[in-house]
Amino acid sequence: MATACGAPGVVPDSTVPPGTTRTATATKRPAAEPAPGPDTAGAHADFDGDGKEDLVITNTSATVDGKYAAGYAAVVYGSTAGPDIRRHQVITQDSLGLGKAGTGGRFGSQAISADLDADGRSDLITQAGGSTVFVVWGGKKKLSGAVGLTGATPVAGDFDGDGYADLVTSGSTGSEATVRFGPFTRAGKPMRTKTLDLTPDTSSYYTPRPTGVGDVNGDGKDDLVVTWSHVFADEMPIPRATVVYRGAADGVLERGPRLKDARGNDMYGSVTLTSDVNKDGFDDVIVSLTCETIGDMAVPEGGSRLMVAYGGRSGQSTSLKPSTINEGTAGLPGRPVSSGCGFGYAPATGDVNGDGYADVAFIAPVETGEAGDAVTMVLRGGPKGLTGKNATSIGLPMGPMLALHDLNGDGAADLAGGTWHESGADDTVRVLRGGPSGISTSGPTLIEPADLGLTPMPGDSFDFGR
């Protein structure tokens, strides 16, 4: 395997700009919003099949064998004691034997996981370049062997309900997607393939992209969540609508509802998650709208926020109104603010106390007397959906991204987050254990670059991926 220099970044979102500082009790808010990225039903990976989820650490900007931003993905395997730092892998495109990584290849971007070959172990799926997706196969002891597929922005789920994981990738035209149905052979051949037309029905939204997967209508087949974007003067696609494409037994996904907020307006955001926060059997769609890039960075109308569209038989609940979580939500601890960009930043979902309700963690700016201070909020799911009831605030430095994984197999998700320093070599990934009372701040596991055999380059930051 080629030696990787640099430090891991965050999947699926972008890294924090170099030079960001932090206080002893609160994290500095990022200067820019994260890049869009999917969170899928297969994102919680168990690559060795031991029943403990594994933590993926990536840095798409890492220099590898002298190639800037060649990128890599590192895996820290879970154990009954939590993340086992002694068991880790650092994977680069060069190490896969599938061609040499070039400058700017950014291996590790859009990293997700799913058991594509149906062997009972998750496989690592990641993008490099603009049109290549790599699948690295899970194994009894570690990930090994890989195949390259044509496509971009991968998401995974069981869209035909046959019990096998399927893979969706975007095409080169931007309006077409390819659905590859599992199980796959180790040569990367699916059982069948279909083309999915994602062309928006509104001419001003002409950049569609798969961003999430979940069974939002409860029929036993995963549905595809697609973000429709507009391109403004800076040529960056800016989300403007969220659409559900319903899974189908014949594999022909059909366009379903265009998700609306409580006021009947299009619901959209830079990050899309799916999970069942009210335990009614329907996955819910959670979006984070922190900032908007419309030529310049801008605060969204109404302020930065999280929004939830609850699932239902038609794809969106007709009985439970969509939720908006912002600084005014009752029950939030501390003094959160969302007048600027940042509230709802870096959301992650998982069940932190093992009660069967999905919970959501995110970073929120707070009023502490110092500009830019932020904390990690954890919202508990419940029968009424996502609310501020029983919400907790974690003052330990966490970010710039968060992940919730059951790394020790006890049924409660653990919270992972990074720290920011001037030097990436000083950064750590902090893992806090989940349990019946939620996230505990005692006895955290700390992962440093040296633990993974990494030497950060100037300007890198050491963070984690999903």
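A disulfide here is a pair of cysteine sulfur atoms within 2.5 Å. By that test the structure holds one.

Before the details, a word on the source: this is a predicted model, where local features need pLDDT of at least 70, side-chain atom pairs count only at pLDDT 80 or more, and totals for chains, interfaces and linings use all residues. Residues are numbered from 1 along each chain as its sequence is written, and side-chain values use heavy atoms, with hydrogens and water left out.

The disulfide joins C291 and C341, with 1.7 Å between the sulfur atoms. C291 sits in the loop between strand 19 (284-289) and strand 20 (292-294), and C341 in the loop between strand 23 (323-325) and strand 24 (345-350), so the pair ties together parts that are 50 residues apart in sequence. Strands are DSSP E runs of at least two residues, helices H or I runs of at least four, numbered from the N terminus. Both cysteines, C291 and C341, are buried, meaning under 20% relative accessible area with a 1.4 Å probe, protein chains only.

Now the fold. The protein chain has 31 strands and zero helices. Of its 466 residues, 61% count as buried.

Last, the core. A nonpolar core is a set of buried Ala, Val, Leu, Ile, Met, Phe, Trp, Tyr and Cys residues joined through side-chain atoms within 4.5 Å. The largest one has 20 residues, and V360, F362 and L379 are among those with the most contacts inside it. Strand 25 (359-365) and strand 26 (373-379) are among the elements giving two or more residues to this core.

Conventions: Buried < 20%, exposed > 50% of the residue type's maximum accessible area, 1.4 Å probe, protein only.
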